[in-house]
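Subject: Structure for your files

Hello,

Here is the structure I said I would pass on. My notes on what was found in it follow below.

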Amino acid sequence: MSNTELWQQAAGNIHWYEAPQTVLDSSNPPFYRWFPDGTTNACYNALDLHVEAGRGDQAALIFDSPVTDTRRQYSYAQLLDEVARFAGVLAGLGVEKGDRVIVYMPMVPEALIAMLSCARLGAVHSVVFGGFASNELAVRIDDASPKVIVSASCGVEPSRIVPYKPLLDAAIDLAQHKPSGCVILHRPMQDATLVAGRDLDWEEAMATAQPAPCVPVAANDPLYILYTSGTTGQPKGVVRDTGGSIVALKWTMKNIYNVDPGDVYWAASDVGWVVGHSYIVYGPLFNGSTTLMYEGKPVGTPDPGAFWRVISEYNVKVLFTAPTAFRAIKKEDPTGSYLQQYDLSCLDSLFLAGERCDPNTLEWAQDKLGVPVIDHWWQTETGWPICSNCLGIELLPIVPGSPARAVPGYDVQVLDENGEQVAAGEIGALVVKQPLPPGTFTTLWNAEDRFVSAYFSRYPGYYETGDAGYIDENGYIFVMARTDDVINVAGHRLSTGAMEEVLAEHPDVAECAVVGVADQMKGQLPLGLLVLNAGVDRPAEDIVAESIQHMRDKIGPVAAFKLCVVVERLPKTRSGKILRGTMRSIADGEPWKMPATIDDPVILEEITGALKTLGYAGQAD
Ligand code: COA
Ligand code: AMP
């Protein structure tokens, strides 16, 4: 079947107000447009359709929150009622088709309700992960210029309450753009002060809200903007369109995950990440399945058996999480003793993504769970897997270290520096031949030029994934490393470039570099090296402590920035390029070669000494 036939057929499985007559418009590459003349609505496909088809009493959403000791379920009919009424609240605040709404919320059902309510009105949501600080939120407010922001009084982390409302207020103060209204969910563990004339209380607003109907939108109208890390402090606003997202996500539920309507599907991620958008909110609901929202961690809430409890309690068929979650469980319960307490016979498969899956973790999970453990590779930009073992099509042999083969719709190739295809087994840039399939990003918000220059310029005719890897003689793809400044910390994608911008703001810092060093649990951790201005005579420890705090205040706790050291100089090439790759290799204790272009080789000895004081580059002295 050809690519267009595949997606034409998949498009037949969703609801359209006006079915598309054209499958793909290729007239303006790289701005390919799928189903350009169709009209649809994502909320209708997620909720109304199933209620009308008789699934109204089936569970649509299960909420389990060990950190607040709460359990709640919504049937499709109940969820539709909540969403239609919250859409009424937003409409009352003037939100119309095309308007942006920022959602800055913890993992509570109201986050999903807010997202679907936007989709119902044809408004464009932009969810900002709760672990980001005010400044990051302010950058997104200015870029997306939302009419309304939906937030909560707090998030609950195992160790502390995170007061979201003061963070939101500070962000609005910092931003140039001001929303005309905010809706705040009041959680019992934390009060929030409402700003008169701007803020509404969620409960109060819902008490009098009238349900709003679905607004038909063009297939290529944006469903959402999701910001992700690039090489600078200005995040990239990935735009996903409506029609392509519905078609592709619904197709993946059966073909990749082998999940049917009525099955319980659990993506243990956060609505602030792409995994949350595609597989906590939209995919399972487009499919008529039951989705699970979990406000907790794999360990410590209360123990490393938390995931097994949830799987057995709710009959979970498929679990999707990041390898780091399994490394955390394995570290606390290496023999898997907590598994003995639960009946996991309902579980068919485990899917892992977000970072490279080390074979040890994969094999441990396979051994303990006794089900296929599927590593699959994808990105915020693609919205769904590029490479995976597709369980609904055929279970291919599992090869640890590889997310298997390209998923139908993606033509993955490996190119060398000159854009030539390399032989099997040879490493190079992982690229995807255009067009990308439906449901992938259609542009970057407010940054069409950056969309073209960052992804489609280096290798004409191809999408540059930013990952390096190779394809073996069996067509198995191996994703090895990023080719840019992006690092992966506990499955969270972060920019070392953005972190350098924050460190450079310290008045005593002349120069700095951030590199991603290997970490057994989180995969990678950021490590900062600071060069101080001449004449600074304050203790280096003070400057390091201030820099760590500044990173937490500017980017947020999610940056997990705790490793930082002052050095005399940074190693550079003669043309002035900082040798970050060499420093990373030294820190990780990997073999490295003295770069031929280095200006002064002695600096690397100094760097090695400094890294040792942090416990890297071999043993601490
Ligand atoms: N709101 C506010 N703060 C948050 C937050 C949120 N939604 N999520 C995380 N944070 C904070 C944490 O409290 C922590 O703060 P701390 O420095 O005060 O301890 C910091 O951000 C780092 O969080 P995290 O990276 O989650 O580390 P952790 O040590 O709390 O937990 C894991 C480690 C591995 C258990 C956890 O990252 C995890 O479960 N990962 C699962 C994978 C995942 O969600 N991947 C997403 C893509 S699939
Ligand atoms: P994000 O956009 O946050 O989903 O992060 C995408 C990046 O995470 C990719 O470009 C990869 O670098 C990495 N990644 C995601 N899944 C995998 C995987 N299965 N194997 C290797 N790397 C992965």
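This is a predicted model: local features need pLDDT of at least 70, side-chain atom pairs count only at pLDDT 80 or more; totals for chains, interfaces and linings use all residues.

F35 sits in the loop between β2 and β3 (39–40). Its phi is positive, at about 55°, although F35 is not a glycine.

A560 is another residue of this kind: it has a positive phi of about 50° and is not a glycine. It belongs to the loop between α15 (540–554) and β30 (563–566). With a relative accessible area of 12%, A560 is buried.

Two cis peptide bonds are worth checking on your screen. P29 and P30 are joined by a cis peptide bond with omega of about 5°. P30 is in the loop between β1 (24–25) and β2 (33–34). T301 and P302 are also joined by a cis peptide bond, here with omega of about 0°. P302 falls in the loop between β17 (290–294) and α10 (306–314).

**Domains from the record**

UniProt, in an unreviewed entry, places the feature "domain: AMP-dependent synthetase/ligase" at residues 54–435.

**Ligand 1**

Which residues are closest to ligand 1? Of the 23 residues that surround ligand 1, the closest are E157, R160, K297, P298 and R552. By class, the shell around ligand 1 holds 10 nonpolar, six polar and seven charged residues.

Polar side-chain contacts to ligand 1 include these:

- R160 places a polar side-chain atom 3.0 Å from an oxygen atom of ligand 1.
- K522 has a polar side-chain atom 3.0 Å from an oxygen atom of ligand 1.
- For K562, the distance from a polar side-chain atom to an oxygen atom of ligand 1 is 3.1 Å.

On its own, ligand 1 has 940 Å² of accessible area, and the protein covers 85% of that.

**Ligand 2**

Ligand 2 is surrounded by 15 residues, and the closest are H376, T380, D467, R482 and R493. The shell around ligand 2 is made up of four nonpolar, five polar and six charged residues.

The accessible area of ligand 2 on its own is 490 Å², of which the protein covers 93%.

**T440 and its loop**

T440 lies in the loop that runs between β22 (428–433) and β23 (441–444). Is T440 buried or exposed? T440 counts as buried, because its relative accessibility is 5%. The side chain of T440 reaches the backbone oxygen of P437 at a distance of 2.7 Å. Leaving aside residues up to four places away in sequence, T440 touches V239, R240, E381, T382, W384 and Y410.

**Helix α16**

Helix α16 covers residues 580–588, and T582, M583, S585, I586 and A587 are buried in it. An α-helix has 3.6 residues a turn, so residues three or four places apart point the same way. What do the buried residues of α16 pack against? They pack against β28 (509–519), β29 (523–532) and α17 (602–613). Just after α16 comes G589, which takes a positive phi of about 70°.

Regards

Terms used
Residues are numbered from 1 along each chain as its sequence is written. Chains are lettered from A and ligands numbered from 1 in the order in which they are written. Side-chain values use heavy atoms; hydrogens and water are left out. Helices (H or I, at least four residues) and strands (E, at least two) are DSSP runs, numbered from the N terminus. Buried means under 20% relative accessible area, exposed over 50%, partly exposed in between (1.4 Å probe, protein chains only). A polar contact is a pair of N or O atoms within 3.5 Å; within protein, one must be able to donate a hydrogen and the other to accept it, and residues adjacent in sequence count only if both atoms are side-chain atoms. Contact means heavy atoms within 4.5 Å. A residue is near a molecule or strand if one of its heavy atoms lies within 4 Å of it. Accessible areas come from the Shrake-Rupley method with a 1.4 Å probe; for residues, only the protein chains shown count as cover. Ala, Val, Leu, Ile, Met, Phe, Trp, Tyr, Cys and Pro count as nonpolar, Asp, Glu, Lys and Arg as charged, and the others, Gly among them, as polar. UniProt positions are given in the numbering used here, feature names are shortened, and annotations may be inferred rather than shown by experiment.
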